[in-house]
Amino acid sequence: MLSMKGSDHGPSVLPEPDAKTRTGIEPVLMVAACPFPCRRGTPIRIERLAEAVARSGRPVHVVAYHYAGDGNVSLGASDPVYQLHRIPRVPGSWDPAPGPGLGKMAILNPLLLAKTVKVVRQHGIRLLHCHHYEGLLVGLAVRQLLPVSIVYDAHTLLGDELSYYGPEFSKGALTRFGTYLDRTLPKRANHVIPVTDDIFDKIAEHGGNGERMTIIGNGIEEEAIEAFSQGDVAPVPGRVVYAGNLAAYQGIDLLLEAFKLAAAECQEAQLVLVSPKPHGPVQEAADNLGIGDRVSFVDAEHADLPFELRSASVLVNPRVHCPGYPLKLLNYMAAGRPIVSFDSSGKNLRNGVDAVLVPDEDIPGFAKGIAGLLSNPDRADDLGGTARQRAFRDYSWNAIAMRVHHAYEQALSDVRGAEVPAVS
């Protein structure tokens, strides 16, 4: 339960806030325990929230790892609308792929904690927006030292996510450990932003206070709306496109098996994966299934994503067991092409209205959805057109920023007066 008691160490004194904050709008520091920027779900959400919140009038700082998603080390400044602070450069090659790692836990995250403390002190920050559990753990540690309030951005549930990492024999233990963290950590934040109803319900079930949670999904920025609206791009017959990383949780193995079945029905079918490198393991899996000549890759770091999506005849989302919101779905919807998705990850999609939804892990059903749309372009156009209208009408980062401000103000009420919020 949250209380307003001071910590055992007592509140620390912060310097005078930045001049920009004297307008009455408290600055926020977003804690990003990841490469940044990076063209995948979590870093994109952080980047878009930082842009939207900053443009709506609140000073925004971001603290992140020392490298970006293309693997390049960058110690430079930031987007003009927010200020980026990186941890010190760490020698070696660092993988931009998602997931836990010993180097992240032992080296990068302690450096992130130190950097966060430094930025909080330098800029008089009282509000941390922490993303994922690593960011939340950093925030909770900072709160023991300084009078900050924590907004936790719950992109997913760790009990589900950890089941995709590590050797097979350890997955049960990892899942149990993740579920334990799901029960104990989120409710320690001053306010929680679950990205979906599923995550809200699970955190509430574990004792989270519903009055201290605000469901805020992902949005599509104005630049993307413009990019997806420019010019006429005709769909290429038979072109099936997946856009996203190739981590195990994305269900790429299910996609390949389903595409093999669909390709047997549609001779012109070609699967294109717009994904970060390396592509070799997935190409090898396709070769083993006998469809290697019908699977190709586009490097996501250099892709023209609107063109790749708009030129598809079908867009696919093969992820299952997904409490979070796959950011790719908003891009898919904005592209105006029909979507085939498994049920649990098809957030906000409506079967037969703007997508084809298939029961989780139903590979023949997924294949049937692909083949059916490839053989019926008129139905494909109808589904894609409805999805596009909804994307442009209902989702924008500017609207989402207003809801984020509301969550911030609720959290800040805990630290006005410089008391350190504690958990009892």
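This is a predicted model: local features need pLDDT of at least 70, side-chain atom pairs count only at pLDDT 80 or more; totals for chains, interfaces and linings use all residues.
Colleague: How many salt bridges does a search of the whole structure find?

Modeller: The search finds ten.

Colleague: What makes Asp-153 and Arg-45 a salt bridge?

Modeller: Their closest N and O atoms are 2.9 Å apart. The cut-off is within 4 Å, for a side-chain nitrogen of Lys or Arg and a carboxyl oxygen of Asp or Glu. So the pair of Asp-153 and Arg-45 qualifies.

Colleague: Where do the two residues lie?

Modeller: Asp-153 is in strand β6 (residues 149–154) and Arg-45 in helix α1 (residues 41–55). They are 108 residues apart, so the pair links distant parts of the chain. Both Asp-153 and Arg-45 are buried.

Colleague: How do you know that Lys-347 forms a salt bridge with Asp-198?

Modeller: The closest N and O atoms of Lys-347 and Asp-198 are 2.6 Å apart. The limit is 4 Å, so this pair counts.

Colleague: Why is this pair said to tie parts together?

Modeller: Lys-347 lies in the loop between β12 (339–342) and β13 (356–358), while Asp-198 lies in helix α6 (residues 197–205). Those parts are 149 residues apart in sequence.

Colleague: Why is Lys-347 called buried?

Modeller: Its relative accessibility is 11%. Buried means under 20%, so Lys-347 counts as buried.

Colleague: And what is Asp-198 called, buried or partly exposed?

Modeller: Asp-198 has a relative accessible area of 41%. Exposed needs over 50% and buried under 20%, so Asp-198 is partly exposed.

Colleague: What makes Asp-354 and Arg-350 a salt bridge?

Modeller: The closest N and O atoms are 3.6 Å apart. That is within 4 Å, so the pair of Asp-354 and Arg-350 qualifies. Asp-354 is buried, at 0% relative accessible area. Arg-350 is partly exposed, at 38%.

Colleague: Which residues are linked in a network of salt bridges?

Modeller: Glu-47, Arg-48 and Glu-51 are.

Colleague: Which residues make the contact?

Modeller: From α1, Arg-45, Arg-48, Leu-49, Ala-52 and Val-53. From α14, Trp-397, Ile-400, Ala-401, Val-404, His-405 and Tyr-408.

Colleague: How do these residues of the contact of α1 with α14 divide?

Modeller: Eight are nonpolar, one is polar and two are charged. Arg counts as charged, so Arg-45 and Arg-48 fall in that class.

Methods:
Residues are numbered from 1 along each chain as its sequence is written. Side-chain values use heavy atoms; hydrogens and water are left out. Helices (H or I, at least four residues) and strands (E, at least two) are DSSP runs, numbered from the N terminus. Buried means under 20% relative accessible area, exposed over 50%, partly exposed in between (1.4 Å probe, protein chains only). Contact means heavy atoms within 4.5 Å.
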